[in-house]
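Good morning, and thank you for coming. Please take a moment to look at the sequence and the structure before I discuss selected side chains.

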Amino acid sequence: MTSVLSDRNYRRLFLAQISSLLGTGLATIGLSLLAFDLAGPDAGMVLGTAFAIKMIAYVGVSPFAAAFLSAHARKPALIGLDLFRVIIAAMLPLVTEIWQIYVLIFVLQSASAAFTPTFQATIPDILKDEERYTKALSLSRLAYDLENLISPLIATLLLSAMSFNVLFAGTSVGFALSAALIMGVTLPAPALAMVDNFGKRLFRGTRIFFQTPRLRGLMALNLAVAALGAPVLVNTIIIVRETLSLGESAVAVTLGAFGGGSMLAAFILPSLLRHVTERTIMFAGAVIGATAFIGLIFFLQFSDLNWPMLLMIWFITGFGYSATQTPSGRLLRKSAHEQSRPSIFAAQFSLSHACWLFTYPLAGWFISQSGFQAGLALFAGIALIAIVAGYVLWPSGADDEIEHRHDNLPADHPHLNGSPSHRHVYMIDEIHAKWP
């Protein structure tokens with residue numbers, strides 16, 4: 001998997017991603033402490049509002065940012081967004097009112113909503129080979145999981161000697177280092193941009209999503225991923241501390257079990273995808289995660305919850321979660337030409353976070369009101385409905401080369417190569433306006 005790091009440009013981008021993730025992780029911990037400092041016992045409500053604002057920024061800003069940035073060179077845009085995030089993170093220690101947290105979080109996460117899809121769309125431009133790109137996707141998944149383990153460790157070391165405001169300084173350093181690394185990257189010459197007005201650019205990614213079967217299936221699987229992840233991320237601390245009466249370190253270990261399953265899937269996916277289609281792996285992963293929830297429901301019918309059982313179920317769920325989510329970049333890559341990739345990566349970013357915007361508060365509210373077992377049943381049900389919907393929306397064979405005609409094109413059009421009827425892997429674009 002690490003052989004892909006031999007590419008200098010990708011290696012610098014990967015290190016930039018790690019720096020940015022660590023900065024974001026430190027900011028999350030710092031915000032928790034800042035909220036407690038300002039709000040005391042109401043800190044949970046403040047953080048919940050802040051994370052909801054984050055999701056709203058992700059869902060609402062990303063398509064507009066992609067439409068705007070598609071008319072500009074990506075490298076200076078990425079560097080500029082990183083430097084903007086440096087400035088916003090440096091302002092967080094100056095916060096004295098709760099409303100200021102909300103404003104700065106929205107601005108910071110709006111910049112991230114512009115940065116992340118643009119960054120993700122840049123990777124397939126550098127790694128043209130599908131196998132190398134698959135390894136990059138798995139490394140990216142590992143980076144996200146490792147950040148969840150490393151950021152708390154770094155924060156603990158810093159907080160042992162300094163106040164929590166130093167975490168925001170670490171956030172600024174992470175973003176600044178990311179900008180410096182991207183500055184040294186050589187990107188391929190950009191594809192000629194399509195001359196469209198802002199409105200067409202704004203809705204291009206969504207239009208491609210709704211007209212492409214594999215991406216319609218991905219939309220459903222995004223909901224399955226959010227249904228598997230939200231109960232784990234929102235309720236683990238309550239289950240471990242209150243239901244099982246374990247300490248804070250047990251919370252980290254339990255979340256680490258989920259991350260460990262995710263990392264295992266990321267390790268084996270590159271070799272697995274050489275022999276098995278994305279469709280098969282992604283649906284299998286979603287079924288594994290939903291089955292883990294159902295298995296725990298049956299266990300709780302006959303026995304009280306214990307920690308080893310929770311660790312095992314969270315590990316299996318993490319495996320299914322990652323197996324469903326990680327190959328999505330391959331679907332996006334094969335569904336649009338280079339000039340349209342920022343639009344569909346932004347659409348995926350927005351649509352997937354819309355699912356989290358639904359499942360995060362549902363996990364917090366429903367499980368607190370109805371109990372853990374009922375919550376597992378609800379989210380397993382949501383995941384299964386999403387799996388069935390995805391299976392219908394993404395029929396087998398939709399990724400194969402498709403025979404089709406272009407009767408509306410002149411006979412000498414270069415795409416036809418002398419014949420109005422031909423076959424290739426189908427993408428929605430200016431020539432292929434609808435799925436055949």
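I begin with tryptophan 314, which has a relative accessibility of 0% and therefore counts as buried, since the cut-off for that term is under 20%. Please keep in mind that this is a predicted model.

How is a pair of aromatic rings described? One gives the distance of the centres and the angle of the planes. In this model, eleven aromatic pairs are counted. One of them joins tryptophan 314 and phenylalanine 372: the ring centres are 6.3 Å apart and the planes lie at 65°, so this pair is edge-to-face, because angles over 60 degrees fall in that class. Tryptophan 314 belongs to helix H11, residues 307–325, and phenylalanine 372 to helix H14, residues 372–393, so the pair ties together parts that are 58 residues apart in sequence. Phenylalanine 372 has a relative accessibility of 15% and also counts as buried.

Aromatic residues also form a cluster here, made up of Phe258, Tyr321, Trp356 and Tyr360.

Next, I turn to charges over rings. Arginine 85 lies over the face of phenylalanine 115, 4.3 Å from the ring centre. Likewise, arginine 279 has its charged end over the ring of tyrosine 391, at 4.5 Å from the centre.

Finally, I come to serine 262. Is this residue buried or exposed? Its relative accessible area is 0%, so serine 262 is buried. Serine 262 is part of helix H9, which covers residues 248–272. Apart from neighbours within four places in sequence, serine 262 contacts Arg141, Asp145, Gly318, Phe319 and Ser322.

Note on methods: Residues numbered from 1 in each chain as written. Predicted model: local features only at pLDDT ≥ 70, side-chain atom pairs only at ≥ 80, totals over all residues. Heavy atoms only, no water. Helix = DSSP H or I, 4+ residues; strand = E, 2+ residues; numbered from the N terminus. Buried < 20%, exposed > 50% of the residue type's maximum accessible area, 1.4 Å probe, protein only. Contact = heavy atoms within 4.5 Å. Phe/Tyr/Trp six-rings, centres within 6.5 Å; stacked < 30°, edge-to-face > 60°. Lys NZ or Arg CZ within 6 Å of the ring centre and 35° of its normal.
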